Amino acid sequence: MTDPFDPATDGAQMSFDGRMSYGDYLRLTTLLDAQHPLSDAHDEMLFIIQHQTSELWMRLAIHELTAARAALQGPDRRPAFKMLARVARIFEQLNSAWDVLRTMTPSDYTTFRMALGQSSGFQSHQYRQIEFLLGNRNPAMLRPHAHRPEITALLTAELARPSLYDVALGALNEAVPLPDSVLAREVARPYEAQEAVATAWTVVYRDPQTHWELYELAEKLVDLEDYFRRWRFNHVTTVERVIGFKRGTGGTGGVSYLKRMLEVELFPELWHLRTDL
Ligand code: HEM
Ligand SMILES: N[C@@H](CC(=O)c1ccccc1NC=O)C(=O)O
């Protein structure tokens, strides 16, 4: 019998007394101490981890979107493209994750749904921040956070900044001038599609060679919205599969509310212009 391989002979560090290890760097004690099912249901752990991992990916999406928005406001916009491409991949990651959650049947879910009380993804402040960042701005969505002043402050601050789409329109304006109704709009308000914006994007799409950077930016935004729409669609389909047409724990009509959200257009003119090309 040969002795099992000892990785130390290959140089593996085996002693971490006083040295930073993997778990220290990643704060695993904190991370892995945050799963506290409220019931005995086997599937509650899946439910918790599914949401926690989603929130971690959303944290990264916010990091990337914030940096992309800043880059689009500066002299060199190119780094933003890489970040926006990454956010689309993050959404793809979130889209694939539904496959794991779909293994939970309605019977499994009803064993612990009561334990969730009135909590719901509707109250995810990171999800709301992503929507605000992208440009889907509805101040009513601040209300579930009134009891958390620091979160309300964070979301309110987000509403005061131009959205990703607002800064994209700022960039567009440099090549194809836009009216003041677009450039000086009240950024906290929901964005409304404007003919002048569609016309300006059409100029870009009719001559990509001349406006290559804006063309690339527009396509990155469309790609991002495409993945985001798929997330919404996967969500509503999973919800119908698991709770049918029951009202949501967050108090909305459930599937009816989520279907309504499928109609949201983040970057409306970028979709509308295609008909006229
Ligand atoms: C079995 C799984 C799930 C069910 C049954 C479900 C159900 C619902 C329902 C009914 C709503 C509408 C609000 C309400 O009245 O509660 C909602 C909203 C929401 N859920 Fe889920 N959900 C599930 C999984 C997830 C997952 C994995 C996430 C990922 C973070 C998530 C995030 C959200 C978000 C962000 C909203 C707000 C959407 C918006 O306002 O547009 N949900 N969910
Ligand atoms: N709204 C869901 C509950 C739910 O899915 C949920 C509950 C607590 C934390 C996150 C959740 N996920 C998405 O809404 C329901 O009505 O069953």
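Guide: One begins with handedness: a crossing is left-handed if the near helix is turned anticlockwise from the far one by less than a right angle, and right-handed if clockwise. The model shown here is predicted, and in it the crossing of helix 3 and helix 8 is left-handed.

Visitor: Which residues of helix 3 and helix 8 make the contact?

Guide: Helix 3 contributes Leu65, Ala68, Arg69, Leu72 and Gln73, while Leu164, Val167, Ala168 and Ala171 come from helix 8. By class, this contact of helix 3 with helix 8 comprises 7 nonpolar residues, 1 polar and 1 charged.

Visitor: What else describes such a pair?

Guide: Two packed helices are described by the angle between their axes and the distance between the axes. Here the axes of helix 3 (residues 44-73) and helix 8 (residues 164-175) cross at roughly 20° and come within 9 Å. Angles under 35 degrees count as roughly parallel; helix 3 and helix 8 are therefore roughly parallel to each other.

Visitor: Let us turn to the ligands. Which residues surrounding ligand 1 are the closest?

Guide: Ser120, Gly121, Gly248, Gly250 and Thr252 are the closest of the 24 residues that surround ligand 1. Helix 3, helix 11 (212-243) and helix 12 (255-261) are the elements giving two or more residues to this shell, and helix 11 supplies the largest share, 5 residues. The shell around ligand 1 holds 10 nonpolar residues, 14 polar and no charged.

Visitor: How do the residues of the shell around ligand 2 divide?

Guide: Around ligand 2 there are 2 nonpolar, 7 polar and 1 charged. The residues surrounding ligand 2 include His51, Arg113, Leu116, Ile243 and Thr249.

Methods
Residues numbered from 1 in each chain as written. Chains lettered and ligands numbered in written order. Predicted model: local features only at pLDDT ≥ 70, side-chain atom pairs only at ≥ 80, totals over all residues. Axes fitted to C-alpha atoms, helices over the stretch in contact; angles between N-to-C directions. Helix = DSSP H or I, 4+ residues; strand = E, 2+ residues; numbered from the N terminus. Parallel < 35°, antiparallel > 145°, perpendicular 65-115°, else oblique. Contact = placed C-beta atoms within 7 Å. Nonpolar A, V, L, I, M, F, W, Y, C, P; charged D, E, K, R; others polar. Near = placed C-beta within 6 Å.
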